[in-house]
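Good morning, colleagues. Please look at the sequence and the coordinates as they are shown.

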Amino acid sequence: MSRTKPHEIVERALELSTADGCVVIADEESSANLRWAGNALTTNGVTRGRTLTVIATVDGGEGTASGVVTRSAVTAADLEPLVRAAEAAARGAGPAEDAQPLVTGTPASPDFADGPAETSSAVFADFAPALGEAFARARAGGRELYGFAHHQLVSTYVGTSTGLRLRHDQPNGTLELNAKSPDRQRSAWAGRATRDFKDVDPTVLDAELAVRLGWAERRIELPAGRYETLLPPTAVADLLIYQMWSAAARDAAEGRTVFSRPGGGTRVGDRLSPLPLTLRSDPDAPGLESAPFVIAHSSGDDASVFDNGLPVPATEWIANGELARLTTTRHSAALTGLPLSPAFGNLILDGGGDRSLEEMVAGTERGLLLTCLWYIREVDPATLLLTGLTRDGVYLVEDGQVVGEVNNFRFNESPVDLLSRATEAGRTERTLPREWGDWFTRAAMPALRVPDFNMSSVSKGV
Amino acid sequence: MPHSIDAAFTALPLRALADAALARARALGAEHADFRLERIRSASWRLRDAKPSGGSDSTDLGFAVRVVHGGSWGFASGVDLTMDAAAKVASQAVAMAKLSAQVIRAAGSDERVELADEPVHADKTWISAYDVDPFGVPDSEKAALLADWSARLLAAEGVAHVDASLLAVHENKFYADTSGTSTTQQRVRVHPQLTAVAVDATTGEFDSMRTIAPPAGRGWEYLTGTGWDWGAELERIPGLLAEKMRAPSVEAGRYDLVVDPSNLWLTIHESIGHATELDRALGYEAAYAGTSFATFDQLGALKYGSSIMNVTGDRTAEHGLATIGYDDEGVAAQSWDLVKDGTLVGYQLDRRIAKLTGLGRSNGCAYADSPGHVPVQRMANVSLRPDPGGLSTEDLIGGVERGIYVVGDRSWSIDMQRYNFQFTGQRFFRIENGRLAGQLRDVAYQATTTDFWGSMEKVGGPQTYVLGGAFNCGKAQPGQVASVSHGCPSALFRDVNILNTTQEAGR
């Protein structure tokens with residue numbers, strides 16, 4: 001069975017099903033990674049895995065129940081017990097609130113019967129020697145490099161008892177490079193998302209970080225307070241990803257999120273920003289391609305196993321500064337009366353600006369330039385107040401020039417509130433979210449200028 | 001109730017696969033090789049307003065080979081349980097070690113991986129302390145219990161919504177290495193949680209209150225009366241939530257805090273647990289989760305907190321989430337001091353870090369969360385010792401003129417060197433002249449680690465001690481999650497900075 005093609009496993013599992021409905025998801029995953037610290041590799045690895053998820057649906061007098069069972073390393077002997085376990089789970093679960101008819105009508109993927117895409121350590125064939133060169137340059141230049149390179153390919157096959165046969169290949173690569181002075185009193189970071197490691201050069205990033213460590217040679221202590229702040233694209237991505245995680249329509253309609261309207265209903269239609277901001281997701285966005293159909297291994301606030309295979313359209317979540325959509329499943333769309341808007345695989349913010357971050361720095365009289373944010377957590381869901389830290393370089397800009405490095409800060413801010421106070425959005429560019437980069441990598445964001453970012457206290461951490 | 005290792009796990013070709021992998025690694029010149037075969041079953045059940053709203057039941061089965069070859073690490077994993085596949089994965093691990101060596105040479109480094117010695121533990125088995133395997137209980141019984149608990153809360157006045165969840169894990173590991181150690185282990189853990197939500201439809205205000213029962217290294221019995229009184233907790237929540245909805249907003253400023261174990265465990269986790277991981281302190285986690293202010297040169301000298309502060313690392317505590325018999329490098333579980341009389345005296349170690357720093361034997365803190373991941377240095381159960389003759393929580397509160405009693409965890413964040421933290425909670429009670437005087441809203445406490453622990457004036461007695469913890473501590477790249485417990489008593493802290501979160505939001 002281990003050498004059986006994934007689509008054959010999906011077909012066999014569907015044949016074995018005796019439930020009223022069945023969805024089978026086969027995920028074939030391969031990955032390769034390198035990790036380094038102090039100019040030397042520390043760990044590395046290659047992995048290869050298969051998981052099979054069987055979702056059984058059982059109709060009953062009080063409604064339809066679902067049972068979800070996932071197994072890795074499925075063998076021929078495991079297949080029937082796995083299907084039966086899903087059916088038993090459905091019978092034991094009781095009627096599912098999100099029950100809907102299984103999806104029909106999505107055209108089959110032409111490559112459904114093809115073998116899975118695969119990555120290996122070969123993806124680093126050019127990158128690894130370049131990394132070694134970057135280590136040598138850093139050592140010669142008095143810098144220590146820390147970081148991680150990861151490449152993963154997941155081929156997902158979805159088959160249903162209603163006839164869907166869908167497949168999606170998702171490459172996912174990240175490079176994070178952190179440079180420190182040998183006394184670790186100065187630190188700088190750069191990150192890139194990539195599909196194949198052909199477009200990232202660690203020596204170029206090292207050179208970029210050498211400039212930033214140079215900026216940090218002049219140290220300026222500033223107290224807590226509200227400062228004009230330039231948030232780079234990675235920081236904007238981290239904040240808006242969190243905002244979208246809090247954008248489930250049902251929660252908003254029930255009155256328990258920042259997108260709830262006092263007195264009932266949701267804030268869809270409210271102006272969130274005076275800037276002409278558009279926040280969207282699009283499975284076909286160039287370089288950020290993501291699954292064009294719903295892949296739901298379990299049900300939750302913004303996903304339903306019954307929606308597997310449903311097309312994921314391009315969606316504008318914020319349009320021209322107004323809240324346009326909240327995430328819905330078919331079930332929560334019906335409950336709230338809002339349009340169907342499945343959860344997304346990429347996120348793009350466009351504010352109409354065309355200035356680069358460097359040009360925004362040049363246009364700043366006095367303000368802070370951040371590198372990235374870290375340890376972002378929700379303090380208050382009512383305002384979506386988030387706390388977290390600045391990290392790896394806060395720079396003071398005066399008269400259009402970086403004049404030195406400032407201590408780190410803890411911030412307390414709400415992304416929803418920030419959008420209402422931002423006075424400028426720069427040019428949208430592809431970015432790697434620093435904090436959520438191990439979960440969510442496909443983002444394109446502009447830098448934002450915020451006139452009064454709340455630096456709540458000073459952090460001594462470097 | 002005594003258990004044995006699951007027969008379905010021991011029926012797998014554990015020894016044969018290990019022999020095939022280790023023999024290939026040896027033949028290819030590895031100085032050290034270890035083989036780990038794991039089966040981890042994780043399941044969740046979720047209810048929303050007493051109705052099923054999603055669940056899953058996942059089993060991860062596979063094996064990993066890790067080698068030291070030419071002074072470099074190599075790691076690979078696989079899922080096909082055949083001798084050929086095991087040998088092939090060992091070859092891949094060696095190939096990865098060679099790739100590492102190439103990069104290290106190109107960088108002009110002469111760093112070599114060496115491991116601290118560990119006695120050989122041959123053919124050992126270990127099983128955690130639990131009565132009833134949660135996976136042996138019918139799903140319908142689990143759903144019915146969660147539905148009943150949800151219904152009790154929903155029936156109360158002022159409760160608009162209830163979210164209920166149960167997570168359960170059954171973990172089996174087989175480990176063997178080229179030194180001759182082989183271990184077979186089994187662990188069970190559960191995490192039930194209920195959250196009640198109140199919504200004021202007129203004003204749009206809402207708030208929630210979650211159970212403070214910690215996750216535990218126990219079985220289904222934890223939900224049916226052993227280790228936690230669920231009935232009493234569920235009965236209290238609606239009234240507490242209603243009071244919280246009416247509570248005044250806190251006045252920002254400095255207050256004395258009595259911190260309940262249900263909150264303090266998380267402060268310990270973030271500001272002591274992670275800060276005393278020696279791999280972090282040395283820089284091996286620098287690019288991701290960060291380093292530590294508790295640097296190695298300060299061992300034996302750093303004043304971590306007040307002189308009544310005593311913290312242990314412990315992989316042996318009964319029902320602890322990080323409790324094991326042997327770690328993922330074949331090191332036997334131990335208990336040791338991290339902070340003694342307020343001074344940093346120890347770290348958490350794995351074999352490589354122990355050797356590198358000359359600290360002798362590893363204290364057994366290597367862990368991988370799946371067969372697809374390399375073991376990294378992970379947290380032991382890190383716990384604050386109670387004062388053997390210490391006060392009750394009520395008596396600690398009795399010693400405060402103007403302060404706040406903090407119960408339950410909610411929001412948490414700390415900087416990348418573990419200095420600056422900010423925490424919120426589930427319930428905040430005003431203390432006036434030694435007595436509780438109603439709840440407060442919008443409270444967060446913010447401090448620097450050594451200032452906070454330096455302000456600890458009293459540690460409660462054993463009668464206040466609770467083993468809290470988390471299922472989902474994140475670390476490393478690729479990211480891994482581990483579960484860990486933190487025991488602590490109630491404790492009194494003087495003059496801590498309290499923020500008003502509404503004001504922080506600019507309102």
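I shall describe the division into domains and then the interface.

Please keep in mind that this is a predicted model. Chain A has two parts in the assignment: domain 1, covering 6-213, and domain 2, covering 218-461. Their C-alpha centres are 24 Å apart.

How much area is buried between domain 1 of chain A and domain 2 of chain A? The figure is about 3100 Å², and carbon and sulfur atoms give 58% of that area. On the side of domain 1 of chain A, the residues that lose the most area to domain 2 of chain A are A:Asp98, A:Trp189 and A:Arg212; together they account for 21% of what that side buries. In terms of contacts, 43 residues of domain 1 of chain A meet 35 residues of domain 2 of chain A.

Let me turn to the polar side of the interface. Between the two domains of chain A, 3 salt bridges are counted. There are also 14 residue pairs in polar contact across this interface, with both residues at pLDDT 80 or more.

Which elements of domain 1 of chain A supply the surface that touches domain 2 of chain A? Strands E1, E2, E3, E4, E5 and E6 of chain A each contribute at least two residues. Strand E5 of chain A gives the most, with 11 residues. By class, this side of domain 1 of chain A comprises 17 nonpolar, 16 polar and 10 charged residues.

Technical notes:
Residues are numbered from 1 along each chain as its sequence is written. Chains are lettered from A and ligands numbered from 1 in the order in which they are written. This is a predicted model: local features need pLDDT of at least 70, side-chain atom pairs count only at pLDDT 80 or more; totals for chains, interfaces and linings use all residues. Side-chain values use heavy atoms; hydrogens and water are left out. Domain bounds come from an automatic or database domain assignment. Contact means heavy atoms within 4.5 Å. Buried area is the accessible area (1.4 Å probe) that two parts lose on being put together, summed over both. A salt bridge is a side-chain nitrogen of Lys or Arg within 4 Å of a carboxyl oxygen of Asp or Glu. A polar contact is a pair of N or O atoms within 3.5 Å; within protein, one must be able to donate a hydrogen and the other to accept it, and residues adjacent in sequence count only if both atoms are side-chain atoms. Helices (H or I, at least four residues) and strands (E, at least two) are DSSP runs, numbered from the N terminus. Ala, Val, Leu, Ile, Met, Phe, Trp, Tyr, Cys and Pro count as nonpolar, Asp, Glu, Lys and Arg as charged, and the others, Gly among them, as polar.
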